[in-house]
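Please read the following note alongside the sequence and the structure. The points are numbered so that each may be checked in turn.

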Amino acid sequence: EDAHDYRYFPDPDLLPLVIEQDWVDSLKAALPELPDAKRARFQQEYGVTFYDAGVLVAEQSVADYFETVAKGRDGKLAVTWVTGDLFAAMNRMGRTIENCPVSAQALGKMLDLIADGTINGKIAKDVFEDMVETGESPDAIVEKKGLKQVTDTGVIDAAIDSVMTKNADKVEEYRSGKDKLFGFFVGQVMKETKGKANPALVNEALKTKLNG
């Protein structure tokens, strides 16, 4: 059988079907944003990669969740948390985005705490795990556990002085040209402050003191 066997002759029992253009246009206007268009918008609006955008738009519920988290925030940071820590937690618990233990609003609030310097990225990991386990809001967890990032330069300077005193030999090595030891000092200061010190302030103060 080939196409020409069907002859393509009109069926006399079928009436002509006339579709009004206005009706077609109204259906088109009522369509939701389709995946390809949404993926392109996510790339442009939130700065995510083609691959990440594809992962996000694969399910409408995931795309909606991400957009709530990312709206008005750093899109690249949002996609890192959604496709990384959040997806890992859901896989571990056998959950889906519909019954996710962390709401999009709560995750967005946690990103706000990172952005305003209340917590740093390392502390955020611990806060997120508590959010998954307890369902509490990030600010409540930070307040209850005293996890606010240390931005007091006096406290940071004291921690640096303590670390330099305990590691006087390494201070001399650094000053003699072993620049790679800088990372060691950063790690020790963060340990001294139990991971709460603002990393940017630690780096700035360390450079001043070690090069002084």
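1. Asp-112 is partly exposed, with a relative accessible area of 29%. This residue forms a salt bridge with Arg-73, and the closest N and O atoms are 2.8 Å apart. The pair connects distant parts of the chain, since Arg-73 lies in the loop between H4 and H5 while Asp-112 belongs to helix H6, 39 residues apart. Arg-73 also counts as partly exposed, at 26% relative accessibility. Please keep in mind that the model is predicted.

2. The count of salt bridges comes to 15. Some of them share partners, and in this way Glu-33, Lys-38, Arg-41, Glu-45, Glu-67 and Lys-71 are joined into one network.

3. Lys-38 is buried, with a relative accessible area of 6%, whereas Glu-33 is partly exposed at 31%.

4. A further salt bridge brings together the side chains of Arg-41 and Glu-45, at 3.2 Å, N to O. Because these residues are four apart in helix H2, about one helical turn separates them. Arg-41 is partly exposed at 21% relative accessibility; the cut-off for buried is under 20%. Glu-45 is partly exposed as well, with a relative accessible area of 41%.

5. The largest nonpolar core has 39 residues, and those with the most contacts inside it are Tyr-65, Phe-66, Val-102 and Met-110. Among the elements that give two or more residues to this core are helix H2 (35-46), helix H4 (60-70) and helix H7 (121-134). H5 gives the most, with eight residues.

6. Which residues does Val-102 contact, leaving aside its neighbours within four places in sequence? They are Tyr-65, Leu-86, Leu-107, Phe-128, Met-131 and Val-132.

7. A second, separate core has 19 residues, including Ile-156, Val-171, Val-186 and Leu-210.

8. The largest pocket has a volume of about 160 Å³. Its lining comprises six nonpolar, two polar and two charged residues. Among the lining residues are Val-55, Glu-59, Phe-87, Asn-91 and Arg-95. Helix H5 (residues 75-93) gives the most to this lining, with three residues.

9. Lys-194 deserves a separate remark: its phi is near 55°, a positive value in a residue other than glycine. Lys-194 is found in the loop between helix H11 (182-192) and helix H12 (199-210). The residue is exposed, with a relative accessible area of 69%.

Note on methods. Residues numbered from 1 in each chain as written. Predicted model: local features only at pLDDT ≥ 70, side-chain atom pairs only at ≥ 80, totals over all residues. Heavy atoms only, no water. 1 Å grid on protein atoms, 1.4 Å probe; cavity = no way out; pocket = protein on both sides within 12 Å on 5 of 7 lines; lining within 4 Å. Points joined across faces, edges and corners; volume = space filled by probe spheres on them. Nonpolar A, V, L, I, M, F, W, Y, C, P; charged D, E, K, R; others polar. Buried < 20%, exposed > 50% of the residue type's maximum accessible area, 1.4 Å probe, protein only. Core = buried A, V, L, I, M, F, W, Y, C linked by side-chain atoms within 4.5 Å. Contact = heavy atoms within 4.5 Å. Salt bridge = Lys/Arg side-chain N within 4 Å of Asp/Glu carboxyl O.
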